[in-house]
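Please consider the structure shown below.

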Amino acid sequence: MRLSILNGRVIDPVNGVDRVADLFVVKGRIAALGNAPEGFVADRSIDASGQLVCPGLVDLRARLREPGQETKATIASETRAAAAGGITTLVSPPDTDPVVDNPAVVDLIRHRAAQAGFARVLSLGALTQGLTGKTLAEMYALKTAGCIGVSNGDRAVSNTEVMRRAMEYAATQSLPVFLRAEDPWLAEGGCAHEGAVSVRLGLPGIPEAAETIAVARDLQLIEQTGVHAHFCGLSSVRAVKMIARARFDGLPVTVDVSAHQLFLTEMDIGYFDSQCHVRPPLRTQRDRDGLRQALADGTISAVCSDHQPHDVDAKLAPFPASEPGISGLETLLPLTLRTKAC
Amino acid sequence: MRRRNLQLDAQGRLRHLLTIEGLKRQQIVDILDTAESFIGVGDQPVRKIPLLRGKTVVNLFFEASTRTLTTFELAAKRLSADVLKININTSATVKGESLLDMLRNLEAMHCDMFVVRHGDSGAAHLIAQHVAPHISVVNAGDGRHAHPTQALLDMFTIRQQKGEFAPLTVAIVGDILHSRVARSQIHALTTLGVSELRVVAPRTLVPEAVSGLGVHVFHDLHEGLRDADVVIMLRLQKERMQGAMLPSEHEYFHTFGLTEDSLAVAKPDAIVMHPGPINRCVEISSEVADGPQSVILQQVSNGIAVRMAVMSMVLGRAPVDEEAR
């Protein structure tokens, strides 16, 4: 099968390409960009005028629910959704059941993804055993099994000593640490941003300080331990500014944002719309605008789906009792493209 | 799903009562006027009027309650409705799925109204979104969100005692943060247009953003009560002492408890209200609770007339809107 994709705007960040050009594919592999290879006769030709032609996207954070919660989704179902949304590589957090704290689970996920054949799935290994925040996970074994980084998922490491040692050890293994910054004490019991909407609706709040305090602590530890660290899905402009300052001071930290945080705010909860129950919570319009600005100026280096598929019942409950999370694989690219227009 | 005025039908009439927020001034006044017409019913030899004969009201209480449950039951019975009481063990984890499953079952038994109390904010809205079109939902308290009939009976009591709302200064004292009663009272009092609405509590019990609801925040009891016409005390849950909200009941009573001394800075004819149940010597002294300025027991008996008004208005609508959903 020989395929030509003509007149599209070809974007290839790795090779620094961004121009209108023709692309030629032979047996599923790119054979040439610009001029057709000698003797190339296309079996099929696509006119991509006015369209983007780019490599498959990478989503830094998507829950696939397998193993453990197959009633919500499976690796096969979610990688299929990813492929439909233009995503060919997914990073899966370690908070599956069982937790990704041993090589067997890494193998299982890779195997299931290969079997399904829709997209590549990369695993993050656990930072602490069972994600309990008490003892270090076997990071060398996880790295050898193929984990590209370590993380404690959405579960906080509240013990600062454990966090310090975990970062030191991850640095020893040259593994990047993916951090979800949330102070567990300030966030406990909360389900919405502490502010105008949570007060009006009587929803237990999660203050902005739950995020900024965790970011402040982790930045100190990152600087001290020299670990390669990445902050996941920050929700407040104040926390993002702290990252920007740390980067300005020379700390090589990176940060991503969840696509829905660029479009929704606490106001979208309306009268208890549980679809808008997410963690970290949707914050103010000022935060949303600040996150967009930080994406535009490069402080935020990636947009991810933060895909969290659910069964129907998970959202059919009073707002605080509903499960947090939003499905985002198939809307990641369209939403990201729309940020350019904003 | 996200219809703005879920509680109004196509004609703008009350189809459910979920929250005071969004009700027009005239709608609140109509409810109070209707309640006024029911006020003598309990004193007559036959304490029943046949407005809801043949209708079935289900009291669905996922949280313990004495006053609210009893007055709703009495109100429904005085309107000649059949009343079913379902107490759901609060210790069992009642998930949304079983909640909605339970509703389906009750719907299949041809009920007309659910009176719902639930520990989670938004529970009444969720139920109202999912019930069959002929069923009405009355919120009898959802989490920290709303307790609209309590606020209405409080408005009824204030009007009974004071006549007009416009000249009044009202102080709500206590745990604003966790109080569904306070939220509903704030919406009612701002809609009815009192001269000044204050909330009074230590910083731990008042969220900062509450001023966005149109209230003045005070952290000193004496300043907050100065020249008030109406003092509404809120119940302080004992659990608040276990966390980091307050150091002790003793210190709370000393700083924010209503005593004859602290009440003296309010207007001489100020009335004292409390939604009950009272914690004596925690938020209010017995002298004040049982004193001449207290209207706490009037609140309870007014609760029946106000709940009769709400039920009859919600269920007694002419059936022109059935296709509107």
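The points that follow are grouped by topic.

This is a predicted model, in which local features need pLDDT of at least 70 and side-chain atom pairs count only at pLDDT 80 or more, while totals for chains, interfaces and linings use all residues. Residues are numbered from 1 along each chain as its sequence is written, chains are lettered from A in the order in which they are written, and side-chain values use heavy atoms, with hydrogens and water left out.

**Largest pocket**

- The largest pocket has a volume of about 1,200 Å³.
- A pocket is an open set of points on a 1 Å grid over the protein atoms alone, where a 1.4 Å probe fits and protein lies on both sides within 12 Å along at least five of seven lines; lining residues have an atom within 4 Å of a point.
- Grid points are joined across faces, edges and corners, and the volume is the space filled by probe spheres set on the points.
- Its lining comprises 31 residues, of which Leu57(A), Val303(A), Leu333(A), Thr336(A) and Leu337(A) lie nearest the centre of the largest pocket.
- α10(A) supplies the largest share of this lining, 6 residues; among the other elements that each give at least two are β1 (2-12) and α9 (285-296) of chain A.
- Helices (H or I, at least four residues) and strands (E, at least two) are DSSP runs, numbered from the N terminus.
- By class, the lining of the largest pocket has 19 nonpolar, 7 polar and 5 charged residues, where Ala, Val, Leu, Ile, Met, Phe, Trp, Tyr, Cys and Pro count as nonpolar, Asp, Glu, Lys and Arg as charged, and the others, Gly among them, as polar.

**Second largest pocket**

- The second largest pocket has a volume of about 870 Å³.
- It is lined by 30 residues, and those closest to its centre are Glu63(B), Gly143(B), His178(B), Arg180(B) and Gln237(B).
- Its lining divides into 7 nonpolar, 13 polar and 10 charged residues.

**Domains of chain A**

- Chain A is assigned domain 1 (2-52) and domain 2 (56-341), with bounds from an automatic or database domain assignment.
- The C-alpha centres of these two domains lie 35 Å apart.
- Each domain gives at least three residues to the lining of the largest pocket.

**Cysteines**

- Cys191(A) is buried (under 20% relative accessible area, with a 1.4 Å probe and protein chains only), at 3%.

How values were computed. Buried means under 20% relative accessible area, exposed over 50%, partly exposed in between (1.4 Å probe, protein chains only).
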